[in-house]
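Please read the points below with the sequence and the model side by side.

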Amino acid sequence: MAQWEKLRQLESVYLTQVDELYDGDAFPMDVRHYLAHWIEGQDWDRAARDHDVAMLLFQVLLENLDIQHSRFVQGGESFLLQHNIRRFKQSFQRYQEEPYNLANIIQWFLVKEKEILQNAELAEQVRQTQNLVLQTTIDSFDSLSVFLFMSMLSGMGVLLDGVEELLCVLVREELVQWQRRQQKACIGAPDSTCLDQLEKWFTTEAECLFQVRKFLKKLEELMGKVTYDQDPVKKQKPALQKRVDSLLTSLLKSAFVVETQPSMPQGKGPLVLRTNVQFSVKTRFLVKFPELNHAMKVNVSMDREAPLVKGYRRFNVLGTNSKALNMAESMSGGMVADFRHLVIGHTNACSFVHCIPPQTSSLPVVIISNSSQQQSAWASILWFNMLCLEPKNLLFFANCPVAMWSQLGEMLSWQFLSSTTRGLESNQLDMIAHKLFGKQQSYDACNISWTKFSKENVPNTNFTFWVWFDGILFMVKSHLENLWKDGSIMGFVSKGKEKTLLKKKRRGTFLLRFSESIRDGGITFSWVDYSPTGEPDVRSVQPFTKVDLSQIPFHEIIRNFQILEDENVPENPLLFLYPDTPKVEAFGKYYTEKSGADSQYIKYIKTKLVFVSKE
């Protein structure tokens, strides 16, 4: 059965997840529905990597939309359906230049659909297992025949095989996948880390095993009344009891997790902790039994087995570091211990936060003593969680692996996505790759080392790549967020590419790009003018830093910027935001009421923005 048809037959709770998946404008559900068979038959993963394949599928998609529109017309379908299909086709035209972006989007939706289906199938397995156990217990207790218990014991092994298989899926697959999603989410990935579904599965599995234990206990009581020397029940029951207890122990040990990783309220991100500054961490027990409320205590401590190498030290956790698991600190009523006022003493280390019993570990944290160390500490967190699949590998940086460009580019995009809700586009990532690796026909095979990422200075500068990138990110978040989210800032574009783009445009077309020579982030604009002979001339201004932008909004700089042309007549050369959007249309909604000589910013602009440079 086709994937879309399977989704449509799911229970309402999963159909709601499908509705939420298609709630945005990225990919219309109508298109997914009416072109379901064709969409599922294409290799979107390959299209996302191959421009020619992507372009072919893009063109066929538009043709299929035309065909579907004709069907609506011929079938007398509602005008609204006809209108929507036309609108969707027009919307897809924005992928004409980069069709692989659309292929990426469609592939992402298909993967998310598959995850919903897998979750539904797993939930059905849990439900069937529980029903089987319950029915076994009920049927057995209804008949007080010892011989019936004997026959049920023979099937109990098969039943426990199913329970064990399901436990393996939960612990070795679903929980591991959640832990990896959480690890990526810590560094900005838009992955869901909700534990509600896992908690439901763990709780249901535990209930099943407790039912089996109850059944075996009842059987033991009956054996005390009716038994004999060669009783097979007496021989089989201990082995079954041992197996049930072992499965239950494994389940409960695996059910204790760190729901929210250690973080400071005002930190750059999780897992970077500063001495003498409060941090929080939240743990959760995935088996939700009201009987356990306040019955289990959690203690927070630092790992006592930190390796004896440079950069690692032992610490103490101060504050209220012991709490009972309780159902009052969770919105869903889960078994939670939420620590909000913990403090660490000492400096410069990487370690774990431990919570016992049962025992679980946070991801490694980096401990700093001064805010100036936060930038490099966050770089370590990014590199570790991008590449390391073994969270307890404290010797990771002793033999640090390289990152593929595909991994690094995705992680860099997450930094913008998590800070501003808008990630990096493929052309922006290409510029960054060019900066790191030079001009390449393809960057797929390019690797970057930890040293080159955060230790070595960029050629002809006194700062590293990470310092440069993070400075731009901070500048955008602090002063340019709205313009970035609007898509007004091209940002990551080289001077050579900038000139190529602008020379093809009419006079006054300008674009906004980040400086490559300023340590803490700078932004400039370049525009195209034409000589009397028709030769294009691309001109730029000296970059503006966060100091400038704290004095005057960038949109006001663009609005009021002037240069002296012939006869010393001031003129604003910025007319159209690349590719061809009138300036007022792009930035007008941010303007203050006053402009020109009446603007509160004009004095600053006159003193700061009159010099044209070759940046």
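1. Buried, as used here, means under 20% relative accessible area, exposed means over 50%, and partly exposed lies in between. The model is a predicted one, and these words apply to its computed values.

2. Start with Glu-199 and Arg-284, whose side chains form a salt bridge with an N to O distance of 3.2 Å. Glu-199 belongs to helix 10 (residues 196-223) and Arg-284 to strand 3 (residues 279-285), so this bridge ties together parts that are 85 residues apart in sequence. Both Glu-199 and Arg-284 are buried.

3. Arg-284 also meets the side chain of Glu-259 in a salt bridge, at 2.9 Å from N to O. Glu-259 sits in strand 1 (residues 256-263) and Arg-284 in strand 3, so here the parts tied together are 25 residues apart in sequence. Are these two partners buried or exposed? Glu-259 counts as buried because its relative accessibility is 18%, under the 20% limit. Arg-284 is buried as well, with a relative accessible area of 2%. Through shared partners, salt bridges join Asp-196, Glu-199, Glu-259, Lys-282 and Arg-284 into one network.

4. How many salt bridges does a search of the whole structure find? The search finds 24. One of them pairs the side chains of Asp-66 and Lys-89, at 2.8 Å from N to O. This pair links distant parts of the chain, 23 residues apart: Asp-66 is in helix 6 (residues 51-74) and Lys-89 in helix 7 (residues 79-92). Asp-66 is partly exposed, at 35% relative accessible area, and Lys-89 is partly exposed at 23%.

5. On the cysteines: a disulfide is a covalent bond between the sulfur atoms of two cysteines. A search of the whole structure finds zero disulfides. For Cys-388, the nearest cysteine sulfur is that of Cys-400, 9.5 Å away. A disulfide needs the two sulfur atoms within 2.5 Å, so Cys-388 is in no disulfide. Cys-388 is buried, with a relative accessible area of 4%; Cys-446 is buried too, at 11%.

6. Glu-20 lies in helix 2 (residues 12-21) and counts as exposed because its relative accessibility is 56%, over the 50% limit.

7. Lys-477 is part of helix 16 (residues 465-486) and is partly exposed, with a relative accessible area of 38%. The C-alpha atoms of Lys-477 and Phe-416 are separated by 8.5 Å, while the two residues are 61 residues apart along the chain.

Note on methods: Residues numbered from 1 in each chain as written. Predicted model: local features only at pLDDT ≥ 70, side-chain atom pairs only at ≥ 80, totals over all residues. Heavy atoms only, no water. Buried < 20%, exposed > 50% of the residue type's maximum accessible area, 1.4 Å probe, protein only. Helix = DSSP H or I, 4+ residues; strand = E, 2+ residues; numbered from the N terminus. Salt bridge = Lys/Arg side-chain N within 4 Å of Asp/Glu carboxyl O.
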